[in-house]
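Hi,

Here is the structure I promised to pass on to you. Have a look at it first, and then read on for my notes.

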Amino acid sequence: MASRARPLGLAAPALAVLLLALVLAPLAAVGWRGAGLSLGAADWAAVRFSLAQAILSAFFSTLLAIPVARALARRRFPGRGLLITLMGAPFLLPAVVAVLGLLAVFGRSGLLNQALIALSLPPVSIYGLHGVVLAHIFLNLPLATRMILQGWLAIPAERIRLAQSLGFSPAETFRHLEGPMLREVLPGVAMVILVICLTSFAVVITLGGGPSATTIELAIYQAVRFEFDLGKAATLAGVQLALGSMAALAAWVLTRPAGFGAGLDRDLRLTAPGGWRLWGDALALAAASLFLTLPLGAVLLRGLPGLTDLPPSVLPAAGRSVLVALTSAALATSAALTLALAAAGRSHPLVEAAATLPLATSGLVLGTGLFLLIQPFAPPTTLALPVTVLVNVALSLPYLYRILLPDTRALHADYGRLADSLALQGRFRLRWLVLPRLARPLGFGAGIAAALSMGDLGVIALFAGEHQATLPLVVSQLTGAYRMEAAASAALILVTLSFALFWAFDAGGRRAAA
């Protein structure tokens, strides 16, 4: 029996080594090329702006999510489940589509400025620091809400029942139950969003607003694409890696449970007070819903008329995006499943390192390293799509691994000994035990990987030539050329394909598990 299990045992470490090499080799190239080089004043300004926008984005996203999560935790109303589902949508929404939606509302010819002009008031500009922060709030407010909501739902029902029996007022409930939970949860939430905002690229390239609003990611892109200064790009990538590593480490340290202890998993919600608190909760939910749906509705309305007159580059780019997404999802899901199965029985440091290290970097940093590695041997544009697939696999793997790990551990605990006693190994174990039992998380994870790959605008911006552009890059190019109607139509196709791929994989996994 042990001999039959050996191939899986060898496959996981070998895969982990390959994944570590995929991440560490580009990082080593970045470190080698950037060693000893110094940054100029403009580069340090980009570092400061990166930190400033990330800190402000994390602060406001977390702060604004608190009343929304609290309202969802203590209120029951028709459509609550749909609203919670909506809170998960921006995680899958391509950033370039979110930016286009915000431009349709807050841009020069957007709904807000049209209303201000009609009232004889001066228009506002979305470009610059405030625009970048606004876009990051749009993308990360739902994520912060979902994470904080989990904190509220984790308060044991016994604590809530005790508070109700003691006649706690809303203020006392907050002081003894909600406040301690928030003190534990909020730092981790803020640091997770900080990590995400530090590696933002699509938002800044559209809304940055010039040299005074340039992040490290955008400076790397400019150094490679326009200046072809690979040493400068490598130095900036090293700084980005250091900042991302520190932020990721802080997020890991600060994300921890509230320490209420275990309950009996009874479903008991907090007391829902009336009066002004009821109206406050309603206002928070209405404002969040309007903020999330209005930009997407604007993209829909602006994009629908132009679907019959798309630019010639859109459909081929859509085909390339779907191909990249499907390939990335297949590879990332297979790799994550192999690593999760290896780690199900016991902790494996090599597996954990391979599944966690990509969180400390970004697509543009990995792309810069791969550019440095490929450039002496072949034109990087000829390998744009394969490199994009590899980077997407590396960046989506940590999410898929964390999705699969709890279920693979439960599978090992419930069926591992039985399968071993039946000598069920290799492809037979995969076919008759693993895939049927893990179909639901596999479908969900593959859907996330496909949707994230569909919307990626990072490494493809470094490598793509005229015939390698994916749909997010075409949308960004149309937006930069102020062809807003065409960009909205292309964005509508992009978001439809992204959610269609996610739905297809997720629904397929749920049907297979039924």
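Below is what I found, going from the whole chain down to single residues.

Please keep in mind that this is a predicted model. The fold is helical: the chain has 21 helices and 0 strands. Of its 514 residues, 50% are buried. If you look at contacts with a separation of 6 or more, 85% of them join residues 24 or more positions apart. The exposed surface comes to about 23,500 Å², and carbon and sulfur atoms supply 68% of that area.

The largest nonpolar core has 150 residues, and I148, W152 and F463 have the most contacts inside it. Helix α13, residues 314-345, gives the largest share of this core, with 13 residues. Another core, of 5 residues, lies apart from it; I403, I448, A451 and F502 are among its members. As general background, nonpolar side chains tend to be buried together in soluble globular proteins.

I148 deserves a click in your viewer. Leaving out residues up to four places away in sequence, I148 touches T62, A65, I66 and A69, and also M181, L182, V185, L186 and V189.

Which residues form a nonpolar patch on the surface? They are L56, F59, F60, L63, L64 and L129, with about 490 Å² of accessible area together. Helix α2, residues 41-74, supplies the largest share of the patch, 5 residues. F59 is found in this helix, α2, and F59 counts as partly exposed because its relative accessibility is 48%, between the 20% and 50% cut-offs.

Next, helix α20, residues 471-480. This helix is largely enclosed by the rest of the structure, because 8 of its 10 residues are buried. The buried ones are L471, P472, L473, V474, V475, S476, L478 and T479. Just after α20 comes Y482, which takes a positive phi of about 60 degrees.

Finally, is G101 buried or exposed? G101 lies in helix α4, residues 95-106, and it counts as buried because its relative accessibility is 0%, where the cut-off is under 20%. The C-alpha atoms of G101 and L296 are separated by 5.5 Å, although these two residues are 195 residues apart along the chain. G101 also touches P295 and V299, again not counting residues up to four places away in sequence.

Best wishes

Note on methods
Residues are numbered from 1 along each chain as its sequence is written. This is a predicted model: local features need pLDDT of at least 70, side-chain atom pairs count only at pLDDT 80 or more; totals for chains, interfaces and linings use all residues. Side-chain values use heavy atoms; hydrogens and water are left out. Helices (H or I, at least four residues) and strands (E, at least two) are DSSP runs, numbered from the N terminus. Buried means under 20% relative accessible area, exposed over 50%, partly exposed in between (1.4 Å probe, protein chains only). Contact means heavy atoms within 4.5 Å. Accessible areas come from the Shrake-Rupley method with a 1.4 Å probe; for residues, only the protein chains shown count as cover. A nonpolar core is a set of buried Ala, Val, Leu, Ile, Met, Phe, Trp, Tyr and Cys residues joined through side-chain atoms within 4.5 Å. Patches are made of residues with over 30% relative accessible area and no salt bridge: like charges are joined within 9 Å, nonpolar side chains (Val, Leu, Ile, Met, Phe, Trp, Tyr) within 5 Å. A salt bridge is a side-chain nitrogen of Lys or Arg within 4 Å of a carboxyl oxygen of Asp or Glu.
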